Amino acid sequence: NEDGTAVTGVGGSHDKRFAEGENENTLTNRQGHLITDNQNVRTVGNRGPTTLENYHFLEKISHFDRERIPERVVHARGAGAHGYFEAYGKVGDEPVSKYTRAKLFQEAGKRTPVFVRFSTVIGGAHSPETLRDPRGFAVKFYTEDGNWDLVGNNLKIFFIRDPLKFPDMVHAFKPDPVTNLPDPERMFDFVSQSPEATHMITFLFSPWGIPANYRQMQGSGVNTYKWVNQDGEAVLVKYHWEPKQGIRNLLQKEANQIQATNYNHATQDLYKAIEQGNYPEWELLVQIMSDGEHPELDYDPLDPTKLWDPKQFPFLPVGKMVLNKNPENDFAEVEQAAFGTGVLVDGLDFSDDKLLQGRTFSYSDTQRYRVGTNYLQLPINAPKKHVATNQRGGQMEYRVDMAPGQNPHVDYEPSTLGGLTEAPKRGKDHEPYYEARLVRQKIERANDFAQAGETYRAFDEVEKNELIANLVDALKICQPQIQEKMVEYFTKADPEYGRRVREGLEKAKQDMQAHTSSAASDQAMEQAEKMGHKS
Ligand code: HEM
């Protein structure tokens, strides 16, 4: 709602008329017919057979048969909550209007309702929440200018920078198509041919790869976006969420202990905290860079595998978010929620980040398939404001997006007969100029290893030890060419990093050989015993 209190996604206005003997709690079917017997199907005699005109039974069972929709192709496991975003009216010490005209940021204290969905990435809808995996952090802001989705992750960077590689990456990380088992060899086979993933792998195999829960993790938009002011001038921005609850990550053995008894600890933690009034909060911070290629940097500002050095590009607070209401229904709100990187409001824009542009097609495309053509008419996805379009029909159209004064015969624009009209412009358009050859090429400043090394050196001893142990554990079952390539990448990042992984792998190999030869000698002994030759 306008005051920032949570918005609910279920229910709806039904015309409340009651049939004879009916009250609010009386069971009906979806035609409004009273259900007088919900225990027995209609049969010929009480032993059957059943009859086909059992409307209530057929409706009930066939709806049940369709209860599931396809799970998200990635980020299937998630938990959600409602709340609000409160703007500071400034970005750091400057007025925010200098950089963006987006209304939600302008006034100090202004509240915008939000819905957030946290998730894991690779596991299915009921997979354990303890697995090593990035965590999704998707926020829908229901602004007065329509919806803005900030679809981020907990980690600040990503595995790849080209969207063409995304389906292959996900295939390699998901379970084997034959055995349906997760297989680190498939994952590292792909990664060993994708050096740009070295930085993300360094985070993922450290304790940062298993956040303790959803409340105590950071969030980041990862991709580079733009802010546009009233004069159409743009800057590059990156978004980050900082949890006021502090940050907590798990060691592998801690995660194993939790997983032994609980597959749902993160969802439980979030739900319980909100139920108990212990509302989680995050501060939203941005990093700003002038628009341009920045040849002075040793990385490309549009490269999502890179961090922007916070000393050069400080984290500037712009507002905070509070989550204060649990969903009333998980399916209606959390499962059917549809976030996408294309969903921006006036004053926010895309950058030329290729990964971002690939994502922007992918989200609404999958949602038309996963939820349905009219997914934006569902309460959780619809903006909390006036909507008037000339889009009509499609499966499950829930209402006609018509303005009260609109001529119902005119579902097109332009028209002189009382149809919808275009809105006035808000400010100057941002009109970047392009001139280049159309090519298929990697960016010039790929610089795949330097930041991975910096990240490694910034880890404390516990984090380094975990990283090495976790990498060795995953890589030890991989074929030698994969191991060698990964050690090469880690060495390029930092010689100590590479050496420690190599030594770990050598030790693991010796241990395995010792184990195999002792198993072989046990087997030989067993064989000898069977043959009656006791040695
Ligand atoms: C979910 C595609 C990269 C964060 C999804 C979904 C698709 C997708 C198809 C399922 C959406 C749905 O069913 O509603 C892609 C592609 C990418 C990419 C093609 C790269 C080319 C990223 C990156 C991030 C990210 C870099 C983090 C910044 C998320 C999140 C969700 C998601 C948080 C779950 C949203 C929710 O809770 O409903 N992605 N993704 N993705 N993606 Fe991406």
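## Around the ligand

Four elements, β4 (111–120), β5 (135–143), β6 (146–153) and α8 (354–370), each put at least two residues into the shell around the ligand. Helices here are DSSP runs of H or I with at least four residues, strands are runs of E with at least two, and both are numbered from the N terminus. This is a predicted model, where local features need pLDDT of at least 70, side-chain atom pairs count only at pLDDT 80 or more, and totals for chains, interfaces and linings use all residues. Residues are numbered from 1 along each chain as its sequence is written.

So who gives the most to that shell? α8 does, with eight residues. Of the 28 residues around the ligand, the ones that come nearest are His75, Arg117, Gly136, Pro163 and Val222; "near" means a C-beta atom, placed from the backbone, within 6 Å of the molecule. Here's the shell by class:

| Class | Residues in the shell |
|---|---|
| Nonpolar (Ala, Val, Leu, Ile, Met, Phe, Trp, Tyr, Cys, Pro) | 14 residues |
| Polar (the others, Gly among them) | ten residues |

Zooming out, the protein has twelve helices and twelve strands. Its C-alpha atoms fill a box of roughly 90 × 80 × 50 Å along the principal axes. Of its 535 residues, 34% are buried, with 20 or more other C-beta atoms within 10 Å of their own, all placed from the backbone.

An unreviewed UniProt entry lists residues 28–421 as "domain: Catalase core", and such annotations may be inferred rather than shown by experiment. That stretch is 20% helix and 20% strand, with its end C-alpha atoms 43 Å apart.

Key
Buried ≥ 20, exposed ≤ 12 C-beta atoms within 10 Å, placed from the backbone.
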